[in-house]
Amino acid sequence: MKNKKNKAQIKNDDKLTIFEIEQGNEDLTTHSGLALIGALLSNTKIKTRLNKTMATEQKKPHISNGSVGIAYIGLLCQGKSDFDHIEPFREDNFFSIALNIKETPSSPTLRQRLDMMAKDGQWNNILLEESAELLKKTNAPLTPVYLGQKERPYLPLDIDVSPFDNSNTKKEGVSRTYKGTDGYAPIFAYLAKEGYCVNTELRQGSEHCQKGTSEFITKSIQYARKITQMPLLLRMDSGNDSADNIQICLNENTRADFIIKRNLRKETPEGWLLLAKNNTKNNKDIYCQEREGKKVYYGSMMKYKKELNREIRVVYKITERTSGKDGQIFLIPQVEAETYWTSLPDLPHIIERLYHEHGTSEQFHSELKTDLDLERLPSGKFDTNNLVLHFGVMAYNLLRIIGQSTTQMKHVPLRKQAERRRIRTVIQNLITLASRLISHARKKKLQFGRHSPWFETFKQAYSVCLAR
């Protein structure tokens, strides 16, 4: 008898619960975090400045330029970049209330307006300027790197190119990138360890990474100076080994310390190894043997730069391997040479470590490309895609500010403490958060579920965004 009851219970447990599907009258939203975005955008003049611009072929628009721009930022902050993704929000009451816009544009209006305004580049400058002003106004945390036992703080300014794969498309400007795919090769400038983006520029895929980079560095330093007066440390890879870039850092108006990896060009690793060995004999350099069969030479020297008519410090790290990790002896020693131009006086191994931290910018590229869905840009027109990328920078910084504000909070429902929140984490946990919109006595309320784990974090973050 007992076995029969157990079998009946098991059958009952396995039975699927059938739900009744119906629609209620409540105003529910799955993207409560746009209230945070709206609160931060209230600290900017983006809407006012966009409204003051007018394309030559533009007449009196039914939906203002400001509303179009803000609506697209709201879309990007949810990780959606395609123009058609705006359609579900046209009848969404909360979307327009949270972003403080009168009306949400349709997909064709959004596409056409961005096509119109992308031609002269006015909106690009407005977005970068307002983004820099927002970082300054909100006192966004800027974490420096320290040299000399934390006596000398520097804010890293990492500039790098990142290929965007747009294969199998006929978009304007798409061509072969150095990664071997068809797409674009935009350049970005990131400030501080948090990686706030201060400048960007869309480029054709086949364009050399140094083309136009000197002007880009100048603008990036100017935008960084709008945010902070702390000393800057420019870091770039060997593709940007150019005297023009060093000259900009040495100029009085755009002064910045730098670490730029050198392109060996006609120099050989074996030649640098011979130089390192000679310097070691003269006690000019640091020598380190990491393991049997591997020797590492650190050193520095002053090298005359003909284009600048002056000497610049060169730091080097030369690695000589005579055997592998498994003890296998090489017939011919393997030699690797890493050399850097730098204006810093610090020890060579510190310069090398600081340069390798520049690799963190690859994570920032990834967040822009995947978390904001910007790798395959939505338009067929080059100028429009360039404008979309600038909108992406604004959305990226908004989400970064929100994410960094939560790193100091105690009741964040995540196991690990983090120095930097990934953009995807912010979108998933704070932007796409469900709540109920309540209108009562001329007030608007967001009511969260009883078991909403992110409620306390959201409440604190909203207070922080409003206070700023």
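Guide: In helix 7, the buried residues are Trp 123, Asn 124, Ile 126, Leu 127, Leu 128, Glu 130, Ser 131, Ala 132, Leu 134 and Leu 135. Buried stands for under 20% relative accessible area, exposed for over 50%, and partly exposed for what lies in between, with a 1.4 Å probe and protein chains only. Helices (H or I, at least four residues) and strands (E, at least two) are DSSP runs, numbered from the N terminus. The model is a predicted one, in which local features need pLDDT of at least 70 and side-chain atom pairs count only at pLDDT 80 or more, while totals for chains, interfaces and linings use all residues. Residues are numbered from 1 along each chain as its sequence is written, and side-chain values use heavy atoms, with hydrogens and water left out.

Just after helix 7, Asn 139 adopts a positive phi of about 50 degrees.

The protein chain around it contains 15 helices and 16 strands. Of its 468 residues, 51% are buried, and its C-alpha atoms fill a box of roughly 85 × 80 × 50 Å along the principal axes.

In one, three strands follow the order 1-15-16 with antiparallel pairing, where two strands pair if DSSP finds at least two bridges between them. Strand 1 (27-29) and strand 16 (443-447) are its edge strands, each pairing on one side only. From one strand to the next the twist averages 30 degrees; axes are lines fitted to C-alpha atoms, for helices over the stretch in contact, and angles run from 0 to 180 degrees between N-to-C directions. Strand 1 is joined to strand 15 (residues 435-440) by three bridges, and Asp 27 stands opposite Leu 437 of strand 15.

The other sheet has the order 4-6-5, again antiparallel. Strand 4 (164-165) and strand 5 (175-176) each have a single partner strand, so one side of each is left without a neighbour in the sheet. Two bridges link strand 4 to strand 6 (residues 182-184), with Phe 164 partnered by Tyr 184.

On a 1 Å grid over the protein atoms alone, a pocket is an open set of points where a 1.4 Å probe fits, with protein on both sides within 12 Å along at least five of seven lines, and lining residues have an atom within 4 Å of a point. Of the 27 lining residues, Ala 35, Ala 39, Ile 97, Ala 98 and Tyr 462 are the closest to the centre. Helix 2 (34-41), helix 3 (46-52), helix 5 (93-99), strand 16 and helix 15 (455-467) each give two or more residues to the lining; helix 15 gives the most, with six. The lining comprises 16 nonpolar, six polar and five charged residues.

Finally, Gln 417, in the loop between helix 13 (382-406) and helix 14 (423-431), is exposed at a relative accessible area of 59%. Leu 275, in helix 10 (residues 269-281), is partly exposed at 27%.

Key
Ala, Val, Leu, Ile, Met, Phe, Trp, Tyr, Cys and Pro count as nonpolar, Asp, Glu, Lys and Arg as charged, and the others, Gly among them, as polar.
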